[in-house]
Amino acid sequence: MKSLSILGSTGSIGTNALEIVRQFPGQFRVVALAAKTSIAALAGQIVEFSPRLVAVIDDAHAGQLRSLLPADVDVRIVTGDAGYVMAATLPESDMVLGAMVGAAGLAPTLAAIDAGKDIALANKETLVMGGEIVMARVAERGVKLMPVDSEHSAIFQSLAGHRHSEVREILLTASGGPFRQTPAAEFAAITPAAALRHPNWSMGSKITIDSATLMNKGLEVIEARWLFDVDFDRIKVVVHPQSIIHSMVTYQDGAVIAQLGIPDMKGAIAYGLSHPDRLPLDMPAPDFAALGQLTFEDPDLERFPCLALAFRAGEAGGTHPAVLNAANEIAVAAFLEGRLPYTGIYAIIDQTLNRHRAEGQPDLEQIIAADRWARKTAVDLIRQQEC
Ligand SMILES: NC(=O)C1=CN([C@@H]2O[C@H](COP(=O)(O)OP(=O)(O)OC[C@H]3O[C@@H](n4cnc5c(N)ncnc54)[C@H](OP(=O)(O)O)[C@@H]3O)[C@@H](O)[C@H]2O)C=CC1
Ligand SMILES: CC(=O)[C@@H](O)[C@H](O)COP(=O)(O)O
Ligand SMILES: [Mn+2]
């Protein structure tokens with residue numbers, strides 16, 4: 001029986017993870033949950049899964065949560081950054097699923113590693129911001145870090161049983177998003193509703209917008225660089241609109257090993273939680289005859305410049321990736337609120353990066369300072385455009 005802390009339990013990854021726990025009650029139990037403000041959903045999860053501890057954003061939401069729970073429910077409710085760290089480091093917990101969205105995932109993930117927990121990591125922003133520090137701490141503490149992001153789970157599976165020294169390159173597949181075939185002239189008029197219609201995956205709103213700009217793939221390139229210790233010049237992106245091949249590894253003899261499956265995150269989440277076992281999921285394999293064909297194309301960096309920007313920030317290193325990530329979070333939120341056009345997402349990140357004075361080999365404090373600076377800079381830039 002594995003005891004889990006699920007950070008981001010009310011989100012897309014979190015609820016899929018709880019569905020797996022529901023299906024395999026003999027394998028997993030939930031000891032801690034964390035969310036931000038989705039209090040009604042969290043109350044339902046507490047009643048169903050009986051965690052010992054739950055973390056929410058602040059005292060007001062803790063009060064709301066307590067008022068929704070039946071009087072006989074015995075759960076400790078904690079709040080804020082310290083509360084998220086408590087959920088991540090609970091002594092009873094064996095593994096922490098990092099499924100918060102955004103930079104908020106970094107501190108609890110590091111705390112969990114320091115506490116000796118195994119990690120199943122969906123929160124790619126953690127590795128974009130602090131990949132070098134995170135991987136060093138994983139090695140120091142000797143904990144397991146399982147990738148949950150579908151491409152990285154596929155790469156992990158495609159690397160198994162092979163020598164790192166024999167890898168030629170990593171091939172990250174990208175769906176291309178909802179605007180793969182949209183002419184650039186139409187980009188300025190793209191609405192949040194259109195950008196939220198991902199062709200293949202059902203996900204939270206931030207990552208769905210990232211998929212629509214191809215920033216998601218850029219963040220994943222940086223994530224792969226740290227997870228698999230491969231330089232940027234050996235990570236390639238290939239657009240594969242069917243999202244059946246989740247990613248591939250090319251070896252020095254030209255052989256390509258891939259992992260395939262239908263686009264359903266329960267596969268990657270279950271593998272991350274249960275490795276080295278494979279759970280008997282109620283999950284169909286792809287029907288290849290029905291699919292007919294799997295197709296591939298190069299990404300169009302002219303129409304999707306966020307991907308090139310992420311490669312540049314990754315290669316520049318230091319605090320650049322944290323700045324890229326923070327400016328992207330601010331710009332995506334502004335786009336979703338209707339305060340920034342789709343094309344403004346790239347513009348704001350680019351302008352923020354251009355103003356950044358980078359730290360070469362940053363420690364955690366410097367990364368957090370760069371994140372704060374980039375948020376403020378991006379907010380100011382968006383305000384100036386609104387005037
Ligand atoms: N969805 C997917 O299929 C995939 C997601 N990922 C990655 O997994 C992570 C989660 O994505 P997804 O599940 O789609 O996101 P969602 O937006 O669906 O869920 C986010 C979760 O994080 C919580 N949360 C948000 N902000 C904070 C905060 N500041 N502090 C604490 N908790 C917070 C939310 O709580 P509340 O509900 O209360 O707001 C919610 O539980 C992201 O990093 C994403 O890139 C990677 C691959 C696939
Ligand atoms: C499911 C998952 O892992 C997402 O990150 C997915 O990859 C998004 O699809 P895109 O390839 O469109 O970014
Ligand atoms: Mn992915």
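## Ser-243 and other backbone features

Ser-243 counts as buried because 20 C-beta neighbours lie inside 10 Å. A residue is called buried here if 20 or more other C-beta atoms lie within 10 Å of its own, exposed if 12 or fewer, and partly exposed in between, with C-beta atoms placed from the backbone. Ser-243 is not a glycine, yet its phi is positive, at about 50°. The residue sits in the loop between β9 (235-239) and β10 (245-251). Helices (H or I, at least four residues) and strands (E, at least two) are DSSP runs numbered from the N terminus.

The model is predicted: local features need pLDDT of at least 70, side-chain atom pairs count only at pLDDT 80 or more, and totals for chains, interfaces and linings use all residues. Residues are numbered from 1 along each chain as its sequence is written, while chains are lettered from A and ligands numbered from 1 in the order in which they are written.

Leu-214 is another residue other than glycine with a positive phi, near 70°. It belongs to the loop between α9 and α10 and is buried, because it has 30 C-beta neighbours inside 10 Å. The peptide bond from His-275 to Pro-276 is cis, with omega near 10°. Pro-276 is placed in the loop between α11 (266-274) and α12 (288-291).

## Helix α10

Helix α10 covers residues 215-228, 14 residues in total. From first to last C-alpha it reaches 20 Å, close to the 20 Å expected at 1.5 Å a residue; the expected span is 1.5 Å times one less than the number of residues. Of the 14 residues of α10, 13 are buried. Asp-229 follows the helix and has a positive phi, near 50°.

## The UniProt binding site

An unreviewed UniProt entry lists Asp-149, Glu-151 and Glu-220 under "binding site". Its positions are given in the numbering used here, feature names are shortened, and annotations may be inferred rather than shown by experiment. The listed residues are spread over 72 residues of sequence but cluster in space, with a largest C-alpha distance of 8.4 Å.

Asp-149 is in the loop between β7 (145-147) and α7 (150-159), and Glu-151 is in helix α7. Asp-149 counts as buried because it has 28 C-beta neighbours inside 10 Å; Glu-151 is buried because it, too, has 28. Beyond four places in sequence, Asp-149 is in contact (C-beta atoms, placed from the backbone, within 7 Å) with Ala-122, Lys-124, Glu-220 and Glu-223.

## Surroundings of the ligands

Ligand 1 is surrounded by 29 residues, the closest being Gly-8, Gly-11, Ser-38, Met-203 and Gly-204. A residue is near a molecule if its C-beta atom, placed from the backbone, lies within 6 Å of it. Elements giving two or more residues to this shell are α1 (12-23), α6 (124-141) and α9 (205-213), and α1 gives the most, with 3. Ligand 1 lies between domain 1 (2-147) and domain 2 (152-316), because both give residues to its shell. The domain bounds come from an automatic or database domain assignment.

The residues around ligand 2 include Asp-149, Glu-151, Trp-201 and Lys-217. Here α7, α9 and α10 each give two or more residues. The shell around ligand 2 divides into 4 nonpolar, 5 polar and 3 charged residues, against 12 nonpolar, 12 polar and 5 charged around ligand 1. Ala, Val, Leu, Ile, Met, Phe, Trp, Tyr, Cys and Pro count as nonpolar, Asp, Glu, Lys and Arg as charged, and the others, Gly among them, as polar.

Key. Two residues are in contact if their C-beta atoms, placed from the backbone, lie within 7 Å.
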